[in-house]
Amino acid sequence: MLYIIGLGLGDERDITLRGLEAVKKCDKVYIEAYTSLLSFGLSTDGLSTLEKLYGKPIALADREMVEEKADKILSESQESNVAFLVVGDPFGATTHTDLVVRAKKLGIQVKAVHNASVMNAVGICGLQLYRFGETVSIPFFTETWRPGSFYEKIKRNRSLGLHTLCLLDIRVKEPSLESLCRGKKLYEPPRYMTVNIAIEQLLEVELLQGESVYNEDTLCVGFARLGSEDQMIVAGTMRLLQMVDFGAPLHCLVIVGETHPVEEEMLDFYRLTDDVPQHTGNV
């Protein structure tokens, strides 16, 4: 059996009872470590905290392993119970769907244990989840690569009055271009996109596209460490949010569409007043 288990968003305590029971009956436990991170995953003892709770060792499954060496996980699942731990919900990233498809084709039983993810946790700001359009990803720009494919999706969402969740890039264990050219992988230090960088890049693409999809005065909501004890939620214009220090990762951003009076009421708790957030913690 291959168990794909959601860990939630905060810390090791966010796993469900069902998820914890599944982990305890597994012979091998992997944790996916590149589409997202638990808040404690940024610390050096994050993994040992989990190992202490589960009472068994955990293998770190980075992007390279999951995308290039998934056969190892699958072959182990044919002989024993294997847990594949995912921050948030198991199906928040297409990579995990691919793992399920491959397992099923090999006749391996797969069981998913769901949990909270960024896709629903953003509702804490008061914006109604059924009023969200297509989610977009904002990648880090480089000197030679400055994609704007997300622009059309945001445009479509805004034309329908829908909110847009922007998932911000994280770069963990990414080989440098120079090392790849030399044929020997050397990895760049981890990087986590901030709300500030995301807005800067969004405005750059608007300047190039020039279709007035959004601007510095567009209302947005910035989130940091969503689901953790010190989460930060701030609503304001793009211009104002660029001046806010959101602190440690992970960050995400919502571009607000048309709002209902009830949504407005809730957003008011998080709005910037004189450049200072009224409220940044839990409801």
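Select Gln201 first: apart from neighbours within four places in sequence, Gln201 is in contact (heavy atoms within 4.5 Å) with Ile138, Pro139, Phe140, Phe141 and Met193. Gln201 belongs to helix α9, residues 195-209; helices here are DSSP runs of H or I with at least four residues, strands are runs of E with at least two, and both are numbered from the N terminus. With a relative accessible area of 5%, Gln201 is buried, a term that means under 20% relative accessible area, against over 50% for exposed and partly exposed in between (1.4 Å probe, protein chains only).

Before moving on, note that this is a predicted model, in which local features need pLDDT of at least 70 and side-chain atom pairs count only at pLDDT 80 or more, while totals for chains, interfaces and linings use all residues. Residues are numbered from 1 along each chain as its sequence is written, and side-chain values use heavy atoms, with hydrogens and water left out.

Next, select Asn157 in helix α7, residues 150-159. Asn157 is buried, at 4% relative accessibility. Not counting residues up to four places away in sequence, Asn157 touches Gly133, Glu134, Leu162, His163 and Thr164.

Now go to helix α4, residues 70-79, and colour Ala70, Ile73, Leu74 and Ser77, which are its buried residues. Looking down the axis of α4, these buried residues fall within an arc of 95° (taken from the directions from the helix axis to the C-beta atoms), so they line one face of the helix.

Then show strand β4, residues 82-86, where five of five residues are buried. Val82, Phe84 and Val86 point one way from β4, and Ala83 and Leu85 point the other way. In a regular strand, side chains alternate between the two faces of the sheet.

Strand β1, residues 2-6, pairs with β4 in the parallel sense over five bridges. Strand β2, residues 28-32, is also parallel to β4, over four bridges. Centre on Phe84 of β4: Ile4 has Phe84 as its bridge partner, and Tyr30 stands opposite Phe84 as well.

Finally, zoom out to the whole protein. The protein has eleven helices and 14 strands, and buried residues make up 48% of its 283 residues. Of the contacts with a separation of 6 or more, 73% are between residues 24 or more positions apart.

Technical notes: Pairing = 2+ DSSP bridges.
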